[in-house]
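This report goes through one structure part by part. Please keep the sequence and the coordinates at hand while reading.

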Amino acid sequence: MARWVRVIGSIATNIGRFINACDYDIEGSVIGHTILQYACDGAHTSALRMKFSTMTERELRFAFQKLDSKPELSLVNAGKCRHELDWLYGINLSRLLTESALKQGRGYATLSTGRVQGPTLGFVVEREEEISCFVPVPLWTINSTILHDGKIYSLEYEKDKIASQSEAKIVCDECRGAVLDVRSVESRDTQQHSPYPFDLSSLQSEAYRHFGNSPARTLALAERLYLDALISYPRTSSQKLPPDIGYAEILKGIASHAEYRPLVAKLMTEGDLRPNNGPKEDPAHPAIFPTGESPKGPLLGGEAKLYDLISRRFMATFSDPSLKTSLRVILNHNNYRFFLSGSRIVKLGWIEFYRPYVFDDSRPLPDLKIGDRPKIRDIKSVEKFTQPPHRYNPSSLLKKMEDMNIGTKATRASIIDLLYRRGYVRDERMKASELADKVNEVLSVYCPLILDPSFTANLENLMQDIQNGTSSRRRVLVEALDHLRSIMLSLAEKEEEVGSQLSEVIVAQRVAGVTFELPCPKCGLKLAVVRSRGSGKRFIGCNGKWQTGCDFTLPLPQLGNLTLLTRHCNVCGFQMIQARSKGRRPLVSCPRCYATKARDAKPSSKRIETPSRIARETPSAT
Amino acid sequence: MKIVDANTDLCANHSEAYSKVKGAYSLWFAAYGNLTHEDFLKRLVVLPETGDRAREVVRFLIHNPERWK
């Protein structure tokens, strides 16, 4: 860091004026202010501010002409105070947790917590608790069909679940083979407004839904598109597109892509361009939109998909509502009521622009009218059980963080990634580990505040007070220090006890993390992830190598953090694995199927060479 | 912080699962009309929806029927 400060300092000599052109938000302001203060000889007092949301030449030129000379000291103080509180709580508590476990002499593991990480982990652990203690309760549903005009249609019984077996049996017995009366046919038109423009969270959620991208990957891709001047600044919580971004100009730019041309042409003929702005606002940036600039080279993979999603969403938000007609036929037999539902899209509206990112749930209906008497073809009760709540996935956890006002649009995705890196959660459906449970337990005893979502919410209010000038950075920090001191003292007293509990779980998790559930197919002993002493490569080896001489091995991906999943392969039943690299979609695979495919794919000439190569590479298990 | 139920030897987490298992019995009884708690436990232990901790409690109750108070 000192080197960077020296380099910037050496460049910043004999400068007439300084312009802070960092991102226009709290973080950007703090970064620019700090650089100007420490590397540019206190130039923060006289520097001008350049405000822009897209990297297009037009906006940059405009921002350069409209430089702001107003000091943003209160904004910077609020940003700095946020960082300092994060350091105070995060660094001290994380270090204490890590060191208390390390002092037990059973190996090192980085343990961390923080103002945002603590409550986020708390959500996952709490959900795991609910699932772990879940007791299912039986229920019954009625599955029935009618035959009409040679087609079979499924009916819905008036109660979607029945709590007793006897009641379900009575319904089936009474209605078996019965002739139903069509009592009414209800038709309803529903207008569905076009989607709001994307803020970062809704973009991350949509990209996860359609492409399976983790929130961190979506942010990384969006930032690349922003740096290429293809989209506006992505770290925004706004769902509003102001007119001054120039809707028509952007659409004309988008029309340079052949696939969007007819859509843009249609949109231009629809009259006034008015986006369906959402309720969320961000004072610094508008919602995410394509700039209309053409990419310098062809966009590939994830970037191309994300650009397409953003462009189509932009067009869709200007379009008319869609219109759907829903129909419901009500059929009776004695006191039993059945429904037959269907729907069809009458007017596509925005759906035409947002395809293929919208699901068509249209369902055809039979041509039934009042007085018709279709006969029940088949009826049976199906025993089911109530289901435990779903585990969070990265997208739903991000949504939860947003709903609870935990973290910022810029940090949420990286916090979720951190939970994986620390070994607190695993799998795409986030399963809390025992370590997560233990860390959460320790913190809930000694420092419940760090797990409390309202702590962060209060902090945001304090930040706002600093920005408004009704509180000061110093006052907030002094209060926080007083609070933290008492926590640290009580934790330090129990350091050995806490460390012992944590290290026990760390060791158990470390062993479990590399040991497969399924035994070795050759000798029946345990299979584990081992690393070659010679090549340093990892692979699956049998623990029986030294006892029984078992030489069973399977290859593993060499890149990314490896997790053994609880899922099993649909083809061969072997335990699945996940390799997770930073900013990339996790690679989930079955090691046994991969090995079989790789073996089959090798040409016969190479197959002859394989044994000697394997013999050289097959390492001793560690 | 969870408080361990003084009437049981179970930890706080298993105590919670225990009370959920016990609470669910009345719903199962009403659902099937007639069901002994032994049959209830036998069915519950094999259901994939049953949570891990709840399943541990069910196994414990199957092996220690006297703890079904």
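## Model and domains

The structure is a predicted model. Chain A is divided into five parts by the domain assignment: domain 1 (2–70), domain 2 (77–132 + 391–506), domain 3 (138–194 + 326–385), domain 4 (200–317) and domain 5 (520–617). Between the C-alpha centres of domain 1 of chain A and domain 3 of chain A the distance is 63 Å.

Chain B holds 3 helices and 0 strands, in the order α-α-α along the sequence. It has 69 residues, of which 25% count as buried. Among contacts in chain B with a separation of 6 or more, 33% join residues 24 or more positions apart.

Where the two chains meet, 17 residues of chain A are in contact with 20 residues of chain B. On the chain A side, the elements that give two or more residues are α5, α6 (165–175) and α15 (434–446). By class, this side of chain A has 11 nonpolar residues, 6 polar residues and no charged residues.

## Nonpolar cores

The largest nonpolar core has 87 residues, and A:V124 and A:A436 have the most contacts inside it. Helix α4 (residues 73–102) of chain A gives the most to this core, with 9 residues. Apart from this core lies another, of 18 residues, which includes A:A168, A:V171, A:L180 and A:L340.

Which residues does A:V124 touch, leaving aside its neighbours within four places in sequence? Its contacts are A:Y392, A:L397, A:V425, A:M430, A:A432 and A:A436.

## Helix α5 of chain A

Helix α5 of chain A runs over residues 117–132. At 1.5 Å a residue, its 16 residues should span 22 Å, and the end C-alpha atoms are 22 Å apart, which agrees.

Is this helix enclosed or open to the outside? Of its 16 residues, 12 are buried, so α5(A) is largely enclosed by the rest of the structure. The buried set comprises A:Q117, A:G118, A:P119, A:T120, A:L121, A:G122, A:F123, A:V124, A:V125, A:R127, A:E128 and A:S132.

## Helix α10 of chain A

Helix α10 of chain A covers residues 261–269, and A:L263, A:V264 and A:L267 are buried in it. Seen down the helix axis, the buried residues of α10(A) fall within an arc of 95°, so they line one face of the helix. These buried residues pack against α9 (247–254), α11 (301–317) and α12 (351–354) of chain A.

The face of α10(A) turned away from the buried side carries the exposed residues A:R261, A:P262, A:A265 and A:T269. Just after the helix, A:G271 takes a positive phi of about 105°.

## A cysteine in a loop

A:C40 sits in the loop between α2 (26–38) and β2 (48–49) of chain A. With 19 C-beta neighbours inside 10 Å, A:C40 counts as partly exposed, because the cut-off for buried is 20 or more.

Leaving aside neighbours within four places in sequence, A:C40 is in contact with A:I8, A:G9, A:A12, A:F18 and A:I35. A:G9 is 31 residues from A:C40 along the chain, and their C-alpha atoms are separated by 5.5 Å.

## Backbone exceptions

Most residues other than glycine have a negative phi, and most peptide bonds are trans. A:N334 is not a glycine but has a positive phi of about 50°. A:N334 lies in the loop between β6 (322–333) and β7 (336–347) of chain A, and is exposed, with 9 other C-beta atoms within 10 Å.

A:D427, also not a glycine, has a positive phi of about 75°. Its place is the loop between β9 (425–426) and β10 (431–432) of chain A. A:D427 is partly exposed, with 18 other C-beta atoms within 10 Å. The peptide bond from A:R355 to A:P356 is cis, with omega near 10°; A:P356 lies in the loop between α12 and β8 (376–385) of chain A.

Definitions and conventions
Residues numbered from 1 in each chain as written. Chains lettered and ligands numbered in written order. Predicted model: local features only at pLDDT ≥ 70, side-chain atom pairs only at ≥ 80, totals over all residues. Helix = DSSP H or I, 4+ residues; strand = E, 2+ residues; numbered from the N terminus. Expected span 1.5 Å × (residues − 1). Contact = placed C-beta atoms within 7 Å. Nonpolar A, V, L, I, M, F, W, Y, C, P; charged D, E, K, R; others polar. Core = buried A, V, L, I, M, F, W, Y, C linked by C-beta atoms within 7 Å. Arc of directions from axis to C-beta. Domains from an automatic or database assignment.
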